[in-house]
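Okay, thanks everyone for coming.

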Amino acid sequence: MSLDPETLAQFLDTLDRFVRERLVPHEAQVADADAIPPAVIQEIRDMGLFGLSIPEEFGGLGLTMAEEVQAAFVLGQTSPVFRSLVGTNNGIGSQGIIIDGTPEQKAKYLPKLASGEMIASFALTEPDAGSDAGSLRTSAAKDSDHYVLNGTKRYITNAPHAGLFTVFARTDPSSKNSSGVTAFLVEAGTPGLSLGARDKKMGQKGSHTCDVILENCRVPASTIIGGPARENQGFKTAMKVLDRGRLHISAVCVGAAERLIRDALAYAMERKQFGEPIAEKQLIQAMLADSRAEAYAARCMIEETARRKDAGQNVSTEAACSKMFASEMVGRVADRAVQIHGGAGYMAEYAVERFYRDVRLFRIYEGTTQIQQILIARNMMKAAAQ
């Protein structure tokens with residue numbers, strides 16, 4: 001562990017108070033305005049939340065995987081947009097640099113990402129390429145010691161605010177799969193990089209996505225993550241960070257489920273029908289019990305998988321299982337929470353209505369449920385064939 005047990009407990013307690021006292025009261029305002037107030041963003045910076053997983057030598061907290069999921073359990077107790085703001089800096093936006101970046105890339109970007117001075121964005125998805133990475137069309141044509149990038153990235157989280165984009169582009173035009181793809185670090189303001197209009201989403205208002213457009217965007221070969229020698233190695237870098245990202249999202253799903261269960265229980269104990277609280281009705285109790293058991297199962301899966309990852313084990317299958325189960329679980333919990341609230345659950349004044357929409361996204365990004373199923377099954381068959 002990077003933190004001793006007492007320090008970790010103090011941090012989680014402070015984080016819990018911050019979530020309850022500073023973030024939860026702003027949830028409705030953020031959803032209505034589709035923006036997090038700048039003062040709250042500064043408080044998030046001051047808490048060190050942009051650098052949870054970034055090594056201490058670069059200004060982060062350097063949490064282990066087991067420690068990070070504990071923090072994510074807490075962050076998940078409030079609107080997902082707050083976690084989304086810091087998520088890419090801690091996950092896919094920084095981990096590639098941490099794992100495969102050159103010393104110069106680490107020194108240049110990681111301190112800014114850890115402090116929240118710079119927001120990271122992960123530009124992989126395209127209009128015709130999401131789960132099918134082999135169909136990626138964004139090109140990177142070599143021109144002396146530079147590359148010229150052309151293409152469009154879609155649904156890119158935090159793109160409207162990003163200072164740094166990890167852009168995946170095809171450097172080997174003859175390749176028909178992910179083997180010919182390279183990861184570039186492209187700063188905002190680079191000529192040829194522009195942004196589309198902000199997307200209008202079903203939920204998670206306050207977390208912004210948009211297209212990232214590359215038109216003859218010229219970048220030095222030194223912007224390849226790991227340097228020029230790692231040309232065509234971009235997806236190998238991406239695969240290295242997936243397990244951590246999936247476990248982080250899984251933990252956020254558990255936090256959201258626990259918040260929904262708490263809200264549903266409180267409502268059921270107050271709301272009276274037929275002369276008694278509806279919490280006394282066995283069918284309501286069944287929904288509460290099912291939700292509690294599923295959230296607990298997901299928490300246990302995640303904690304065990306995080307420990308195994310920290311021990312150096314290959315947890316590709318377990319991380320996929322965790323992401324699949326936790327994201328599907330929180331959807332079921334949200335549906336039950338709305339049902340327990342009855343007509344009130346369909347009204348915007350109750351948080352369960354917003355969470356019902358917000359958590360739907362968890363089953364799609366960081367690999368859809370169907371992609372997790374395919375990965376799990378293929379890993380099973382591979383293990384059986386050995």
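Predicted model: local features only at pLDDT ≥ 70, side-chain atom pairs only at ≥ 80, totals over all residues.

Let's start with the inside. The largest nonpolar core has 41 residues. If you want the ones with the most contacts inside it, click on Val69, Leu260, Ile302, Met329, Val330 and Phe362. Which elements give two or more residues to this core? Those are helix 4, helix 8, helix 9, helix 10, which is 316–341, and helix 11, which is 351–358. Helix 8 gives the largest share, 13 residues.

Now helix 4, residues 65–75. How many of its 11 residues are buried? Nine, so helix 4 is mostly covered. The buried set runs Met65, Glu67, Glu68, Val69, Ala71, Ala72, Phe73, Val74 and Leu75.

On to the pairs. Take helix 8 and helix 10: their axes are 8 Å apart and the packing angle is about 20°. Anything under 35 degrees counts as roughly parallel, so helix 8 and helix 10 are roughly parallel to each other. The crossing of these two is left-handed. If you sort the residues in the contact of helix 8 with helix 10, you get 19 nonpolar, five polar and four charged.

The other pair is helix 3, residues 38–46, and helix 5, residues 80–90. Their axes come within 12 Å and cross at roughly 55°, so helix 3 and helix 5 are oblique to each other. Helix 3 passes helix 5 in a right-handed crossing. The contact is made by Val40, Ile41 and Ile44 from helix 3, with Phe82, Leu85 and Val86 from helix 5.

A quick stop at Ala238, which sits in helix 8. Buried or exposed? Its relative accessibility is 7%, so Ala238 counts as buried. Leaving out neighbours within four places in sequence, Ala238 is in contact with Phe122 and Phe168. Also have a look at Ala183: Ala238 and Ala183 are 55 residues apart in sequence, but C-alpha to C-alpha they're 8.4 Å apart in space.

Ser144 has a phi near 60°, which is positive in a residue other than glycine. Where is Ser144? In the loop between strand 2 (139–143) and strand 3 (146–157). Ser144 is exposed, with a relative accessible area of 59%. Then there's Tyr155, also with a positive phi near 60° and also not a glycine. Tyr155 lies in strand 3, and at 57% relative accessible area it counts as exposed.

That's what I have, so over to you.

Notes
Residues numbered from 1 in each chain as written. Heavy atoms only, no water. Axes fitted to C-alpha atoms, helices over the stretch in contact; angles between N-to-C directions. Helix = DSSP H or I, 4+ residues; strand = E, 2+ residues; numbered from the N terminus. Parallel < 35°, antiparallel > 145°, perpendicular 65-115°, else oblique. Left-handed = near helix turned anticlockwise from the far one by under 90°. Contact = heavy atoms within 4.5 Å. Buried < 20%, exposed > 50% of the residue type's maximum accessible area, 1.4 Å probe, protein only. Core = buried A, V, L, I, M, F, W, Y, C linked by side-chain atoms within 4.5 Å. Nonpolar A, V, L, I, M, F, W, Y, C, P; charged D, E, K, R; others polar.
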